[in-house]
Amino acid sequence: VQQAYDCFVETRSPVYLEEIKAGGNFEIKWFLRNTGTKAWTSGVDVKYASGPKMTTPERVEIKTALNPGDVYKITLNAKAPNKAGTYTMTWIVEGQLCYANVTITVK
């Protein structure tokens, strides 16, 4: 059964495990789709939830209503950690509808 409020987030960039230089700047692009049966009102927040904080803002407000099937693009400037390793940063869509993730490999 399809949920009234649901969503899916596609990470367009960086690709999963993309190599980023330690301390390097990169851009995050998420495409958030309303996959539920009900429209969202404007003002839904997408918030930082866990992992290394690689962005300066901790939340993004979706400023438009999203009907079922509508897509909203989020673009954030980010900075990789200074130490080599694999890092995942997770954000959550208000109401815990779904999660947005970025997983990078720092070299």
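The model is predicted, so local features need pLDDT of at least 70 and side-chain atom pairs count only at pLDDT 80 or more, while totals for chains, interfaces and linings use all residues. Residues are numbered from 1 along each chain as its sequence is written, and side-chain values use heavy atoms, with hydrogens and water left out. Strands here are DSSP runs (E, at least two residues), numbered from the N terminus.

**The disulfide**

- There's one disulfide in the structure, meaning a pair of cysteine sulfur atoms within 2.5 Å.
- The partners are Cys 7 and Cys 98, with their sulfur atoms 1.8 Å apart.
- Cys 7 sits in strand β1 and Cys 98 in the loop between β7 and β8, so the bond ties together parts that are 91 residues apart in sequence.
- The S-S torsion of Cys 7 and Cys 98 comes out at about -105°, which makes this disulfide left-handed.
- Cys 7 is buried, at 8% relative accessibility, and Cys 98 is buried too, at 7%. Buried means under 20% relative accessible area, exposed over 50%, and partly exposed in between (1.4 Å probe, protein chains only).

**The nonpolar core**

- A nonpolar core is a set of buried Ala, Val, Leu, Ile, Met, Phe, Trp, Tyr and Cys residues joined through side-chain atoms within 4.5 Å.
- The largest one has 29 residues, and Phe 26, Trp 30, Leu 32, Trp 40, Val 93 and Ile 104 have the most contacts inside it.
- Elements giving two or more residues to this core are β1 (7-13), β3 (25-34), β4, β5, β6 (71-79), β7 (85-93) and β8 (99-106).
- Setting aside neighbours within four places in sequence, Trp 40 is in contact (heavy atoms within 4.5 Å) with residues including Cys 7, Leu 32, Ile 62 and Val 93.

**Thr 55**

- Look for Thr 55 in the loop between β4 (44-50) and β5 (59-62).
- Thr 55 is buried, with a relative accessible area of 6%.
- Its side chain reaches the backbone oxygen of Pro 57 at 3.0 Å.
- Beyond neighbours within four places in sequence, Thr 55 is in contact with Ile 28, Leu 76, Asn 77, Ala 78, Met 89 and Trp 91.

**Thr 103**

- Thr 103 belongs to strand β8 and is buried at 10% relative accessibility.
- The side chains of Thr 103 and Thr 88 make a polar contact at 2.8 Å. That term means a pair of N or O atoms within 3.5 Å; within protein, one must be able to donate a hydrogen and the other to accept it, and residues adjacent in sequence count only if both atoms are side-chain atoms.
- Leaving out neighbours within four places in sequence, Thr 103 is in contact with several residues, among them Val 15, Leu 17 and Tyr 87.

Note on methods:
Helix = DSSP H or I, 4+ residues; strand = E, 2+ residues; numbered from the N terminus.
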